[in-house]
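The entries follow the order in which I looked things up.

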Amino acid sequence: MKKVERINIIMRYINNRAHFTISEIMQEFNISRSTAIRDIKEIEGMGMPLVAEVGRDGGYFVMNNSVLPTVRFTDNEIKALFIAFMATRNQQLPYLKSRQSLTEKLLGLISENQQDDLVLLNQILLFEGTNPHNPDLLDLSDLPHPMLEKLIQILLLESYLLVTVKEEREIKSYPIYLLHLYREKSLWLIEGFDLEDEKRRIISVDNLTQVEPYSKKKRVSKKKILEQLSKQEEVINLVLELGPKAIAQFKKYHPLNCSLAYTNPYQTTAIIKTCINVYHLEELTEITNWLLFLGGDIKVKEIPEEILNGIQERLSLFCP
């Protein structure tokens, strides 16, 4: 159990008791005496009115007419929350209006000095996609597609969907089993298994006109869907390790339908695994151009010979 979680549980435990001892805390939460004493001191520091009784058992009681203290944040926790909000500006995220009210409540919980720090941070920190002429955290200019929140509400209850999509001048409906909802290149995308065509399908949320649960009578079990997908999985033939410079380039542009898998907690190294259709000449050319765009901060673990030859030919033009 993590320390923060343990302390919160201990606070609820002692708040419901007229009297408790260190020994009781040790036994109830299976912790050492030193840890119990340390946790009690931390809880006192958070504002819970505990009164110590002198004696061999080290008894405590909570001052009468007291309740659990309000949630308090450290300066660093406040800054972490605020910067996280700032970094998600102009990302077309769902529940943006809730984010605004949450920010207002957060500002109301902190001291004037902490508010001044946040105002200063808001002035000096700009993130990708932020308008430098209007960097207000509470700006609602980046509202997502109106179908996104409705889609998420349905997904919390149901994975089998009938989605209606506007494609050019046609309106089409697809019964799908949802695999993922993700955002890529500023677009929200649905990755699902088409229950009629029995194949993976990618649908843009921007093209959605209607979403509803799919008929239960026509559904296929999740087990059968996963079996179908496993049979259709393409063979991985491109594996790259990316350093920080290549990761930055990847975020600017990538033609592949794949994601970075970070290999360290600082997100400075990552790996890409995907399948390239070597019989599709346009795709080969695009991937060759993209690999050169990534630059030298990559390590090639596996690559189709056709792409490698294309890169070598391209480089020979500059280094005859």
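Entry 1. I began with a sheet in this predicted model. I found an open sheet of four strands, ordered 10-11-9-12 and paired in the antiparallel sense. Strand 10 (261–262) and strand 12 (298–302) are at the edges; each has a single partner strand, so one side of each lacks a neighbour in the sheet.

Entry 2. I then looked up the pairing of strand 9 (residues 238–242) with strand 11 (residues 270–274), which is antiparallel and runs over five bridges. Val239 has Lys273 of strand 11 as its bridge partner.

Entry 3. Which strands does helix 9 touch? I noted that helix 9 (residues 244–252) packs on the sheet and touches strand 9, strand 10, strand 11 and strand 12. Its direction makes about 115 degrees with that of strand 9. Helix 10 (residues 281–294) also packs on the sheet, touching strand 9, strand 11 and strand 12, and its direction makes about 15 degrees with that of strand 9.

Entry 4. I turned to helix 2 (residues 22–29) and helix 3 (residues 33–45), whose axes come within 9 Å and cross at roughly 110 degrees. The two helices are therefore roughly perpendicular to each other. Ile22, Ile25 and Met26 of helix 2 make the contact with Arg33, Ala36, Ile37 and Ile40 of helix 3. By class, I recorded six nonpolar, no polar and one charged residues in this contact.

Entry 5. Last, I checked helix 1 (residues 3–15), which packs with helix 3 at about 75 degrees, the axes being 10 Å apart. Lys3, Arg6, Ile7, Ile10, Met11 and Ile14 in helix 1 meet Thr35, Asp39, Glu42 and Ile43 in helix 3. This contact has five nonpolar, one polar and four charged residues.

Conventions: Residues are numbered from 1 along each chain as its sequence is written. This is a predicted model: local features need pLDDT of at least 70, side-chain atom pairs count only at pLDDT 80 or more; totals for chains, interfaces and linings use all residues. Side-chain values use heavy atoms; hydrogens and water are left out. Axes are lines fitted to C-alpha atoms, for helices over the stretch in contact, and angles run from 0 to 180 degrees between N-to-C directions. Angles under 35 degrees count as roughly parallel, over 145 as roughly antiparallel, 65 to 115 as roughly perpendicular and the rest as oblique. Contact means heavy atoms within 4.5 Å. Ala, Val, Leu, Ile, Met, Phe, Trp, Tyr, Cys and Pro count as nonpolar, Asp, Glu, Lys and Arg as charged, and the others, Gly among them, as polar. Two strands pair if DSSP finds at least two bridges between them.
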